[in-house]
Structure formats: structure tokens, C-alpha cells
Amino acid sequence: MKPGHLSDFAKRHIGISSSELEEMLGVIGVSSLDQLIDETVPSSIRSGKPLDLPSAMNESEYLAHVRDVAAKNKVFRSFIGQGYYNTITPTVILRNIFENPGWYTQYTPYQAEIAQGRLEALLNFQTMVSELTGLPIANASLLDEGTAAAEAMAMCEGIHNKKRKTDPATRFFVDNNVYRQTLDVVITRAKPLNIEVVTGDWRTFDFSEKYFGVLLQYPDALGNASDYRQFAAGCNEKDIQVVVAADIMSLVMLSPPGEWGADVVVGNTQRFGVPKGFGGPHAAYFATKEDNKRVIPGRIIGMSVDVNGDPALRMALQTREQHIRREKATSNICTAQALLAIMAGMYAVYHGPDGLAGIANRIHGHTCSLAAALRAAGYAPVNDTFFDTLTIDSDAATVAAVRKAAEEAGINFYYPSDSRLSISLDESASARDLEDILRVFAVATGKTVASANTAGATSLGSMVRQSSTLTHAVFSMYHTESKMMRYIKRLENKDLSLVHSMISLGSCTMKLNAASEMIPVSWPAFSSMHPFAPAWQCEGYNQIFRDLESYLAEITGFEACSLQPNSGAQGEYAGLLTIRAYHEDRNEHHRNVALIPSSAHGTNPASAVMCGMEVVVVACDEKGNVDMDDLRSKAVQYKDNLSCLMVTYPSTHGVFETSIKEICDIIHQNGGLVYMDGANMNAQVGLTSPGIIGADVCHLNLHKTFAIPHGGGGPGMGPICVNSKLAPFLPGHTLARTGGSKAIHAVSSAPWGSASILLISYGYIRMLGAQGVTDATKYAILNANYIKARLEKAYQILYTGDQGRAAHEMIVDLRQFKAAGISAEDVAKRLMDYGFHAPTLSFPVAGTIMIEPTESEDKGELDRFCDALLEIRKEIDQVASGEMDTHSNVLTNAPHTSAMVTADDWKFTYSRQKAAYPLPYIRHMGKFWPSVARVDSAYGDRNLVCICPPIEEYTKQNMD
């Protein structure tokens with residue numbers, strides 16, 4: 001179907017016009033878009049019917065529809081707590097970060113020179129976490145608190161047992177009053193790693209050598225702010241690692257765990273200005289000791305210098321990450337929660353130490369007043385010490401009466417059992433809220449309940465914080481809105497995002513994140529819902545979940561879907577766990593071998609190892625396809641223990657392999673199942689499906705194919721779709737009814753993962769409809785083949801399909817230029833001078849770039865990108881011929897900053913114009929300047945600094 005017949009929204013989403021289409025087809029050498037698709041996607045796997053999805057809505061129709069759905073949610077005043085709280089997002093942060101495409105359309109900051117803004121914001125986050133927890137090293141966020149605790153368990157097992165390989169400790173103790181959802185996720189992680197999770201009362205722990213670690217909640221699920229100091233000392237003496245899941249706001253007032261013996265502190269920063277969103281997305285944190293810096297999961301932002309010696313930031317110690325270490329990685333973490341970490345860090349920057357102290361004291365003061373009033377009425381909390389949570393035991397009839405009265409008043413408490421309730425306060429709680437809570441008890445019991453006007457005595461016990469918080473200057477500099485607005489804008493202006501130009505990262509699908517898809521995420525009817533609110537209050541969300549699950553199942557050709565995994569890597573992990581559970585249910589526990597092609601993304605082998613599998617690598621042939629002889633040989637060799645094959649389709653090399661059905665058949669014939677990595681679903685939707693090719697399970701990157709923005713490194717969502725064999729094993733949740741009839745334990749803290757951003761993918765499908773999502777796939781393939789056609793005479797395109805076509809991405813081989821002293825990195829950095837983010841660098845083949853334009857780009861933007869690469873090829877030739885010096889040339893010195901180009905001293909043999917304005921469009925379109933010159937990553941790793949630098953360097957950096 002031509003663009004003239006596209007739906008209203010499809011015309012906005014797909015970048016190519018009718019006239020542009022005809023021009024592009026001519027360049028490619030085909031007569032129609034259908035001919036191109038026929039030459040790209042093997043006929044043996046083509047779908048024979050259109051997708052069964054609702055008709056497309058225009059944007060105004062969709063917004064009216066989703067507003068009606070939102071009205072079905074009942075947003076009660078929430079005092080549920082348990083890791084999720086009301087918060088007041090400063091509007092300067094809401095408007096300028098959360099709702100700003102200049103922030104949310106950025107990619108993970110691998111290209112540091114054009115990412116200094118978010119790198120600084122994430123360094124602020126790390127510094128905030130380090131200061132509040134009392135530990136020197138913090139990462140730049142994890143997915144949620146449960147995942148962070150599970151990562152801590154795995155890290156501690158490795159640390160403890162590294163010295164005890166012949167006699168490893170296999171038990172991990174979890175206190176009874178750790179959040180239930182955290183325990184659920186920890187159990188999930190522990191089982192495949194043969195770790196025994198033991199629950200109990202920390203006061204009676206026996207300090208046995210069989211334990212490598214313990215997990216405590218601080219304050220705990222009942223609200224107790226317990227004195228763990230002697231317990232931690234006992235663990236330290238026995239070399240038992242101490243993990244503390246700590247409430248970030250409470251640490252403003254409570255003694256930081258790093259000061260009393262904790263080895264790791266984890267938690268959630270949601271209450272630092274990030275909406276609840278029915279469970280996410282939120283940024284978890286992870287802090288640990290200096291000795292653990294090379295095994296800490298997730299990304300770390302660190303200080304370094306650029307080639308001019310000026311301060312610069314970049315992601316540190318990247319050799320730890322799964323894309324490098326693969327099956328030897330300690331974690332599969334890829335996407336984190338960068339955007340939400342930035343918001344939480346900015347919340348601390350805006351409020352500062354005094355502002356946070358005021359908020360924390362107000363929360364605690366209200367809780368003390370409420371405790372005093374309840375105690376006077378005969379409802380004494382079971383916890384004598386607390387920060388913000390009170391737990392009350394009573395008889396079942398009284399608790400039921402309180403619940404009825406509360407819900408009639410539009411109030412939610414937490415009810416862990418029939419005879420117990422908990423009340424958690426937060427920064428939004430007012431004196432009126434306290435009176436309304438007390439009125440609920442009066443109505444329920446018929447008793448007179450005293451006013452909460454009288455302040456109660458502080459109840460932090462012996463754990464009052466003595467050390468200072470947020471001492472770095474950045475937390476004392478931006479407390480007026482003008483200052484904060486300008487600081488946020490100054491950082492934003494350092495970063496290249498989709499508001500500037502296309503980001504052609506292969507395997508990353510940086511498509512349009514349409515405003516109409518994004519807007520409902522901020523609506524209170526969605527953003528203010530607590531994930532553990534009663535199901536009858538959540539009918540709007542439940543409708544979204546039911547419909548989206550059915551749409552994704554239809555698109556993938558599968559039977560069922562789980563929306564719980566909250567990243568692509570988490571989706572891989574969940575999908576493999578369902579395969580593991582399937583084999584175990586058939587008493588085939590021994591099936592633990594995962595066959596993985598050598599071209600696979602590093603998360604594949606890392607996820608397999610996390611699921612207790614043995615990774616066996618399958619070779620690829622010279623065309624980049626799975627080596628069929630090697631696959632057959634290894635499938636037969638391991639048939640008795642074969643669990644699965646992990647395969648990406650189209651391949652990571654950007655090709656639709658014609659043998660994919662045979663590949664799946666070989667695995668099934670030898671007792672295994674097929675997991676399809678959904679990273680490249682943007683080339684499948686509406687044309688074929690994982691179900692058609694013969695896979696059993698796939699994950700979907702909603703932050704790629706289905707328009708959730710990347711947020712500078714998160715959030716993402718990675719739901720899994722499965723066939724009928726695996727549907728019974730979809731993940732459940734301890735606090736909500738979800739998952740299959742034989743559900744595995746939860747993989748995420750919240751029942752539906754980062755639920756609020758599912759609205760974005762829902763909107764994408766509803767506004768495009770069946771034809772629109774199919775057209776999006778076709779135009780993604782068109783754009784990739786257009787770029788291929790324009791570049792292939794100047795560069796070698798490494799892999800193509802049987803008829804010479806690329807799928808939705810292609811690999812450009814730059815290895816031949818090494819003889820001239822030019823590397824793939826040089827080309828990547830030079831593209832910055834042309835106003836473009838580099839394509840994916842040296843993956844899946846070292847010395848190459850992988851280009852994926854997506855369907856959202858117009859021909860003009862594609863041409864500018866191609867013109868840039870063609871001009872760069874001329875520059876490479878000038879170096880190779882000696883016309884430009886081997887050491888003083890525009891490539892090896894790239895990128896060029898405004899400071900370099902405007903300096904009085906110009907030390908290079910080429911002109912300033914050639915450095916900064918090599919093509920006319922750069923001047924006409926507006927120049928994007930990298931804020932630092934090429935960063936010296938090795939220097940930063942040798943001199944690791946992962947908190948904000950001294951004020952002198954900080955001030956200099958922000959004056960640039």
C-alpha cells in the first residue's frame with residue numbers, strides 16, 4: 001500500500017512520501033515495494049493473511065479512547081508502601097526531562113563525546129546513592145529493587161566462593177520481613193544457580209559456614225528500623241556477605257548501612273520524584289565496596305579526560321559487560337533505567353541536603369503523630385521503631401471493617417494478612433490525610449479516635465544518622481527553578497538525540513516515539529496507580545494488559561504473552577526459564593545445553609548461564625548464516641541434554657536466513673526448544689512471525705519495535721510470547737494473579753513490570769492498526785536497502801540475503817581501511833562532526849559498523865547520512881593516498897569541538913572548515929557540537945572515579 005493510502009497516524013510515523021518512494025525504488029533497482037519485500041523475506045516463511053488487529057485510529061480518536069480507558073482506574077489515596085510511594089515530581093523535572101524528547105529519545109551513552117549531559121546526570125545519581133548508602137561505588141541504575149537484590153545475591157556468591165571452589169557455600173538467608181516481591185524475584189534467580197534460599201528471623205540466624213550471604217530490609221516490611229549492627233558484625237566476622245535493601249528516603253535520617261557493615265546496599269529510587277506508574281519504570285540502585293568494582297552488575301559512569309586533557313565522562317570498566325564477556329559475564333544487564341535515574345538524581349539536586357532533610361522529617365513527623373493517635377485509641381503498632389510505616393495487628397473482623405471503611409473513603413492500606421494491616425506515609429501526606437485515616441478507624445470500630453495534631457516522639461531508635469548527606473557542591477547549586485531549568489537545558493544541549501538527527505544504531509531500532517503515544521503516561525489515572533492496589537480498582541490497566549497481550553500474541557503467532565519482564569535481557573531470561581520449567585515438568589531436569597550462534601548478542605549467553613545452562617557455540621558460515629553442518633553435529637552430539645537453541649531472526653548480521661525452519665526442526669528433532677531473540681522484530685511484523693518459523697518462545701523489545709523510547713539507557717520492556725507448550729509456565733507474582741497454571745516465580749518486582757510505559761506500545765498498535773504496523777516493517781526494509789544501494793559502491797556490505805538484499809539493517813565492513821591507519825572508531829567519531837550518532841560499532845563483527853535507519857526517517861535525512869559516509873570515504877582515501885597526514889587528519893582527530901575549532905592555535909594540517917563543516921547541509925541545518933574531544937577511556941579505567949569530581953573541575957566542565 002502506498003503512503004497516500006496510509007492511515008492518518010501512519011503518515012506521521014512513516015517518513016517516506018509517495019514521490020520519495022518512487023525515487024528510492026529506482027535507486028534500489030526494483031519496480032515496487034512489494035517486489036523488494038519478496039526479494040528480502042523468504043517466501044517459505046511469509047504470512048498468508050493480514051494480522052487480526054483493530055482498525056487504525058487517528059491521534060485524536062486514540063487519545064479520546066485511552067482517556068475513557070483511564071477513567072476505569074480508581075485512583076485511591078495510597079498508603080500501601082512496600083517499596084512504592086506517592087511522590088511529588090518537581091514540575092521543572094517533569095516538564096524538562098520526563099516529557100522532553102531531548103532527554104527520552106537519547107541512546108545508551110556508548111558515544112561519550114555526544115553524551116556528556118546524561119553522563120553527568122547519571123554521575124549525580126551515583127554520587128547521591130553513594131553518599132546516602134555510605135558506600136564508595138554505585139552503578140548507574142538497575143531495573144527494580146527485586147532484580148537488584150537478586151544481582152547482589154549472585155555477586156556475593158561469586159565473591160564468597162571464589163576462595164572456596166572446592167567447598168562452596170550454597171545458602172542465602174533472607175529475613176522474614178524483606179518485601180514479598182523481592183523474595184519472589186530472589187527465589188527465581190537462585191534456583192537455576194543451585195542456591196538455596198532460606199527464610200527466617202535475623203535475630204535467630206546461626207552464622208553457619210553454609211551461608212555466603214544474607215538479605216535484610218531496612219526499614220523492614222513491617223516498618224521496623226532495626227539495629228542490625230551486631231548482626232552485621234557477626235556476618236563480617238564469618239565472611240558472610242551482608243546485603244541490605246534500604247529505603248532511599250529513610251537514609252536521609254537513618255544510619256547508612258555502609259557505616260555499620262553492609263557489603264552491598266540496594267533499593268528503589270522511585271520516591272525521589274518518579275511516579276508509581278503501577279509498578280514502573282523506576283530506577284533501582286546498587287552500591288558496594290571499592291573491592292567489588294570489577295564485579296558490580298550494570299553500568300558505571302566514571303571520570304576520565306579527553307585527548308586535550310580536559311575532564312570528560314564515559315561508561316567505565318566496560319570489559320565487565322555482557323557484550324564483551326558473554327557467557328563469562330556475571331550479569332545479563334543491558335538496558336537499565338537511565339531516564340528514571342536521571343530524574344531521581346535531579347530530585348536530589350533540586351531539593352539538596354536541606355530540602356531532603358525537610359521532606360524526610362515531615363514524613364517521619366506525620367508517622368509519629370499518627371502512631372501516637374492510634375496508640376491512644378488502642379491500636380498500638382507492632383513496630384516500636386519506624387521511619388514511615390506502621391503495622392497493626394488485630395482480629396480479622398476489625399481489619400475487615402477497617403478495610404471496608406477505608407475503601408469507602410477512597411483510601412488503600414496494605415493488608416499482608418486477614419489480621420494485619422500496614423500504613424505507609426510519604427511526602428504527599430498532609431494533616432488532612434492523617435485525620436481521614438483516623439476517621440476510618442473511628443467509623444470501622446465505633447470508637448472515638450484522637451486527633452493527630454499532637455506530635456509524637458521520634459521513633460528511629462538507635463539508628464539515627466550522624467553523618468552528613470549530599471555534601472557535593474552539585475546538590476547545593478540549583479535550588480531555584482531558573483537555575484534548575486538552565487542546568488537541565490545545559491546538560492540536554494550536550495547530548496545528541498532524535499530531536500537532532502537519525503540514530504542509525506543497528507539492532508537498536510531508534511524509531512519515532514510519537515507524542516500521542518507518550519502523553520497518557522503522565523496522566524494521573526495511570527501514573528498514580530500503586531502496583532498492589534486491589535484488582536477491582538485497576539480495570540483500565542487490566543484492559544490495556546489484556547488487549548496488548550492479545551495483540552502481541554497475534555503479531556508473534558503464539559498462544560500467550562507475559563508483560564512482566566522489564567527489559568530485553570530480562571525477557572531473554574524469562575523465556576529461557578519457561579523452557580527450563582517445561583523440561584523439568586517432563587522430568588527432564590538434565591536438559592541444560594543451550595546452542596547459541598557465534599553472532600548472537602552478548603546477552604544471549606549471559607542469560608543462558610544465569611538460567612543454569614551450559615553454552616555451546618554454533619559457528620556461522622562465510623555468509624553470516626548459521627553453519628548448518630555445525631548445528632546438526634552439535635544438536636546430535638548434545639541431544640540427550642539439549643535444552644534449547646537461541647537464535648536471532650532476522651540474524652544479527654541483518655539477513656533473513658532461508659534455512660530458519662530447518663534450523664528449528666533440527667532442534668525439535670533432538671529434544672530441544674527454540675528461543676527466538678526478538679531484537680529484530682522490526683523486520684518481521686506483519687510479514688512473518690516467530691510462530692511461523694517454528695520458534696517456541698520469543699521476547700519482544702518494546703523499546704525497539706513498539707516505540708517505547710530508549711531514555712538514554714532505559715527504560716525498556718521485554719515481554720515474552722510463547723506457544724501452548726510453554727504457556728503454563730509464564731511467570732507469576734506473589735501479590736497478583738498473573739502468569740500460567742504452573743507459573744514460575746516472578747522475574748520482576750511488579751506484576752506487569754514497568755506497566756505505565758506499556759501504554760506507549762498499546763498506542764503504537766492502536767494508531768497504526770494491522771496495515772500500519774505491516775507498512776512500518778516494509779518501510780524499515782526499504783530504508784535499509786536504500787542506504788545499502790547508495791553506499792555499496794564505496795563500502796563493502798558484509799552480508800546480504802540470497803537475492804542480495806538486506807533486512808532492516810546492514811553491516812558495513814571498515815577493516816580494509818586499517819592499512820591506512822583508519823579504524824572503525826575513527827569513522828564513528830568523524831560522523832559526530834557531520835551531526836550524526838555513530839551506527840553500532842564493532843558488533844557483531846569487530847571493525848565494522850551496523851546501520852539500521854528504521855521506517856520513521858525521511859529520504860532527506862537518509863541522504864544526509866549517506867552523503868556523510870560517502871564524504872568520509874573520500875577522507876579515508878585522502879589519508880591512504882598521503883594527501884592527508886596519517887596522524888594529522890580529520891578522522892583520527894575527530895570529533896572536533898567548538899573550543900578546538902575556535903582556538904587561536906590551530907595545530908592541524910587541514911582547515912577548520914574541513915574539520916567542522918565538511919558538507920554544506922551542516923551549516924544550513926544547524927551544527928551540533930560535541931562537548932568534549934575524543935575521550936580516553938583507558939585513562940578513566942586506570943584512575944576510576946565514579947562520583948562527582950571536585951568543585952573546581954565540575955565548575956570548569958559546566959562553563960564549557
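**Aromatic pairs and the cluster**

Rings of Phe, Tyr and Trp (its six-membered ring) count as a pair if their centres lie within 6.5 Å, with planes under 30 degrees apart called stacked, over 60 edge-to-face and the rest tilted. The model is predicted, with local features requiring pLDDT of at least 70 and side-chain atom pairs counting only at pLDDT 80 or more, whereas totals for chains, interfaces and linings use all residues. Residues are numbered from 1 along each chain as its sequence is written, and side-chain values use heavy atoms, with hydrogens and water left out.

By the pairing rule there are 39 aromatic pairs. In one of them the ring centres of F76 and W536 are 5.8 Å apart and the planes stand at 80 degrees, so this pair is edge-to-face; the two residues are 460 residues apart in the chain. Taking buried as under 20% relative accessible area, exposed as over 50% and partly exposed as in between (1.4 Å probe, protein chains only), F76 is buried at 18%, while W536 is partly exposed at 42%.

The rings of F207 and F231, with centres 5.6 Å apart and planes at 45 degrees, form a tilted pair. F207 is partly exposed at 24%, whereas F231 is buried at 5%. Both belong to one aromatic cluster, formed by F173, W202, F205, F207, Y211, Y218, Y228, F231 and W260.

**Charges over rings**

A charge sits over a ring if NZ of Lys or CZ of Arg is within 6 Å of the ring centre and within 35 degrees of the ring normal. The charged end of R271 lies over the ring of Y85, 3.8 Å from its centre, and K927 lies over the face of Y917, at 5.7 Å from the ring centre.

How values were computed
Helix = DSSP H or I, 4+ residues; strand = E, 2+ residues; numbered from the N terminus.
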